[in-house]
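Here is a short report on one model.

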Amino acid sequence: MPTPVHVSNHPLIQHKIARLRAVDTKPPEFRELVAAISRLLFFEATRDVRLQPLTVQTPLVGTTCHVIAEKVGFVPVLRAGLGMAEAMLQALPEATVWHLGLYRDHATLKPVTYYNKLPAKPDMDLAIVLDPMLATGGSAIAAIDILKKAGTPKVKFVGIIGAPEGVAALQATYPEVPVFLAALDSHLNEVGYIVPGLGDAGDRQFGTA
């Protein structure tokens with residue numbers, strides 16, 4: 001059975017999604033919104049990360065606390081995933097970041113890999129693939145392919161907006177990979193854009209539309 005898709009119903013995320021979708025939102029605000037939503041999704045996606053005890057000396061007494069026991073890695077799909085990775089690094093500076101360059105061929109809608117900074121044997125216990133848009137699912141599946149072939153034990157996908165077609169494709173290929181989204185939209189249009197969506201997340205972040 002496929003792992004459930006987690007679509008956030010957090011009021012702060014829903015509030016920020018409304019502004020993120022708006023056509024008049026300029027790149028500086030768009031980047032801030034992507035970062036804010038990503039940080040909130042990161043907390044939701046890491047609820048089950050393994051902890052280990054650590055004795056800490058407070059100003060009053062020694063006490064047992066807990067720290068993350070897993071090595072977490074962020075795998076942003078270039079270039080749209082960069083803003084998500086930067087925001088999550090602020091929450092977990094100890095994480096590593098491995099960049100993957102994938103673009104969608106507009107004729108075939110298939111992903112093409114043009115950049116891969118993963119080592120042959122990544123040492124992440126948990127890799128979190130980051131891409132704001134889960135449209136056809138091709139880029140997410142290609143990224144997870146690379147991680148799985150490298151022996152990464154646990155992979156999760158975190159996006160901002162997904163389409164049912166992309167979710168179905170990802171679950172059909174990797175049913176064990178949890179998916180975390182801020183919104184699940186209606187459908188893909190004839191050129192593979194999510195509807196209602198927000199347009200091209202990379203262009204809108206970096207002002208290249």
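## Sheet and aromatic cluster

Leu 134 has Gly 162 in S11 as its bridge partner. The model is predicted: local features need pLDDT of at least 70, side-chain atom pairs count only at pLDDT 80 or more, and totals for chains, interfaces and linings use all residues. Residues are numbered from 1 along each chain as its sequence is written, and side-chain values use heavy atoms, without hydrogens and water.

S9 and strand S11 (residues 161-162) run parallel and are joined by 2 bridges. Two strands pair if DSSP finds at least two bridges between them. Strands (E, at least two residues) and helices (H or I, at least four) are DSSP runs, numbered from the N terminus. The open sheet has 3 strands, ordered S9-S11-S13, with parallel pairing. S9 (133-134) and S13 (183-184) are the edge strands, each with a single partner, so one side of each has no neighbour in the sheet.

Now the rings. The whole structure holds 2 aromatic pairs. Rings of Phe, Tyr and Trp (its six-membered ring) pair if their centres lie within 6.5 Å; planes under 30 degrees apart are stacked, over 60 edge-to-face, the rest tilted.

| Pair | Centre to centre | Plane angle | Type |
|---|---|---|---|
| Phe 42 and Phe 43 | 6.2 Å | 50° | tilted |
| Phe 42 and Phe 74 | 5.4 Å | 80° | edge-to-face |

Phe 42 lies in helix H2 (residues 27-45) and Phe 74 in strand S4 (residues 72-78), so their pair ties together parts 32 residues apart in sequence. Phe 42, Phe 43 and Phe 74 form one aromatic cluster.

Buried means under 20% relative accessible area, exposed over 50%, partly exposed in between (1.4 Å probe, protein chains only). Phe 42 and Phe 74 are both buried. Phe 42 has a relative accessible area of 5%. Phe 43 is exposed, at 52%.
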